[in-house]
Amino acid sequence: MLEHLIAGLSTTFSFAVLPVLFFGVLGGIILGALPGLTATMGVAILLPFTFGMDSTPALVMLIGVYIGGIYGGSIAAILLKTPGTPASAATVLDGYSLSKKGQAARALSISAVASFVGGTISTIVLIAVAPLLANFALRFNAPEYFALALFGLTIIASVSAQNILKGLLAGAIGLLISTVGLDPISSVPRFTYGIMDLYSGVNVIPVLIGLFALSESLNQIEKVLSGKKVVMPKFDHSLMSKKDLKEMLPTAVKSGLMGTSIGSVPGAGADISAFVCYNEAKRSSKNPDEFGKGSVRGLSAAEAGNNGVTGGALVPLLTLGVPGDAVAAVLLGALIVQGLTPGPLLFTQSPDVVYGVFSSMLVGNIIMLIIGLIGIRFFCRIIEVPKILMIPIIIFLSIIGAYAINNSLFDVGVAISFGVLGFALSKMDIPSSPILLAIILGPMAETNLRKALLMYDNSWSFLYERPIALAFILLAVFSVYSTMKMKKKLGPQPDTEQTN
């Protein structure tokens, strides 16, 4: 394996591959930073351009976009409270808080380093133990997926620990929205009211754009119209310190490993991983009350967790031919177009391609770190732009991003509607994150619960008869218990998410 990896590194640093990797990562960062233009969209858009390319450069370019896109979403999340991708929704909780304190450069550097740690760990694990993780992923069926989704939903209590009742209300709203569309088992339309655009459910990207980008824009417009003087934070160009590195590194490593494991489970993407890792970091922290207020550990957990998925998602793809997430599904198409068949034989029949991809992922994460750190001084200029100019730009990019998903004006309407909803909820101090989390996990929980009940003749015995499902159920119970215990210990806390 070592000689294959060395050969792969030689291929990566060749003139035919390295420039392609660099521009792939750079393009991915730019796409990820723009609301609605996700890594999945970037990879899908570039796929037709790879048809005439050799196998290794083609796959390397797409994977570069993947790596850059997942990280790029954090830039807008930190600077503008506008997650570029769903994977960066958890980054808002602490990243934007640091930016408001004038520590945008510090937050961006922490994000870049944590993303690098998570992505590098996932690649190393992918190289070393891909077959083992693939076998673990094979053990997942409907009961395990339901238990995983249930565990993910308990994070609602954690991200809204300041007021759990309001968090649960927001989560309930999200779960109700997630039921819109065709019934997953019987295909009967639910809450569609004859509108064909709702038959496939409510797309999560317009919801994300509305709840975070447009609602924040409305908040800023209200301040401008009310005549309130918007105080610009005193900008500090200082990057992360050695103390920050020492504080974040253990959390980033743990979250990178967790993200890799979650990514190896087909269907569990970077958005779920980010929230799960954030929740675990908060649960295990000695100072959980600092989360949501600019926690270094919280920011690093979210970013290492979502970037950890980049390697994990390729484990079932390369070893079994089963994509781990939406980007991996597009990469599956790219492999087939190149005449390659994903699976165990891929490692023996085309080791040059496989290890060229592995090596390129290692180098790609380094390129991402370099671009991220060098670009901080340019990224931070965004928050120095006057609000009167920035607000129309954010609204314009948000509407374009919502439209670009399906070239649908209906999605634009969804984004605007959720923007108004998010604005109204902010006035009642109801957090938006639980709504997004419930919309993401709701369909996964419902579909797999009903499949599991069909498998077990409407018996709930699968909850304790299947070890992995039982483990996730116990984790869910422990998560709720630890959150309640933490809330009791800390006492009443002011809401922080909607503070501007």
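What share of the contacts in the protein between residues at least 6 apart in sequence join residues at least 24 apart? I looked this up first, taking contact as heavy atoms within 4.5 Å. The share is 80%.

**Basis**

I am working from a predicted model, in which local features need pLDDT of at least 70, side-chain atom pairs count only at pLDDT 80 or more, and totals for chains, interfaces and linings use all residues. Residues are numbered from 1 along each chain as its sequence is written, and side-chain values use heavy atoms, with hydrogens and water left out.

**Overall counts**

I noted 23 helices and two strands in the protein. Helices (H or I, at least four residues) and strands (E, at least two) are DSSP runs, numbered from the N terminus. Of the 500 residues, 59% are buried. For burial I used relative accessible area: buried is under 20%, exposed is over 50%, and partly exposed lies in between, with a 1.4 Å probe and protein chains only. The accessible surface comes to about 20,200 Å², and carbon and sulfur atoms account for 69% of it. Accessible areas come from the Shrake-Rupley method with a 1.4 Å probe; for residues, only the protein chains shown count as cover.

I then went through helix pairs. Two packed helices are described by the angle between their axes and the distance between the axes. Axes are lines fitted to C-alpha atoms, for helices over the stretch in contact, and angles run from 0 to 180 degrees between N-to-C directions.

The axes of helix 1 (residues 2-12) and helix 17 (residues 351-374) come within 7 Å and cross at roughly 65°. The two are therefore roughly perpendicular to each other. The classes are under 35 degrees for roughly parallel, over 145 for roughly antiparallel, 65 to 115 for roughly perpendicular, and oblique for the rest. The crossing of helix 1 and helix 17 is right-handed. A crossing is left-handed if the near helix is turned anticlockwise from the far one by less than a right angle, and right-handed if clockwise.

On the helix 1 side I listed His4, Leu5, Gly8, Leu9 and Thr12; helix 17 supplies Pro351, Tyr355, Gly356, Phe358, Ser359, Ser360 and Val363. The residues of this contact are six nonpolar, six polar and no charged. Ala, Val, Leu, Ile, Met, Phe, Trp, Tyr, Cys and Pro count as nonpolar, Asp, Glu, Lys and Arg as charged, and the others, Gly among them, as polar.

**Helix 11 and helix 13**

Helix 11 (residues 242-263) packs against helix 13 (residues 296-312) at an angle of about 35°, with the axes 6 Å apart. This crossing is right-handed. From helix 11 the contact includes Gly256, Gly259 and Gly263, and from helix 13 it includes Gly305, Gly308 and Gly312. By class I have six nonpolar, 10 polar and three charged residues.

**Helix 10 and helix 21**

Helix 10 (residues 204-225) and helix 21 (residues 433-455) have axes that come within 10 Å and cross at roughly 175°. The pair is therefore roughly antiparallel. Val204, Val207, Leu208, Leu211 and Phe212 of helix 10 meet Ser433, Ile435, Leu436, Ile439 and Ile440 of helix 21. The contact has nine nonpolar residues, one polar and no charged.

Ser178 lies in helix 9 (residues 164-178). I checked its cover: Ser178 counts as buried because its relative accessibility is 13%. Apart from residues up to four places away in sequence, Ser178 touches Ala438, Ile439, Gly442 and Pro443. Its C-alpha atom is 9.6 Å from that of Met444, 266 residues away along the chain.

Thr179 is in the loop between helix 9 and strand 1. At 19% relative accessibility, Thr179 is also buried. Leaving aside neighbours within four places in sequence, Thr179 is in contact with Arg190 and Phe191.

Phe191 sits in the loop between strand 2 and helix 10. Its phi is near 55°, positive in a residue other than glycine. Phe191 is partly exposed, at 48% relative accessibility. Ser187, in the loop between strand 1 (181-182) and strand 2 (189-190), has a positive phi near 60°. Its relative accessible area is 46%, so Ser187 is partly exposed.

**Helix 5**

Which residues of helix 5 are buried? I found Thr91, Val92, Leu93, Asp94, Gly95, Tyr96, Ser97, Leu98 and Ser99. That is nine of the 10 residues in helix 5 (residues 91-100). Gly102, with a positive phi near 85°, follows helix 5.
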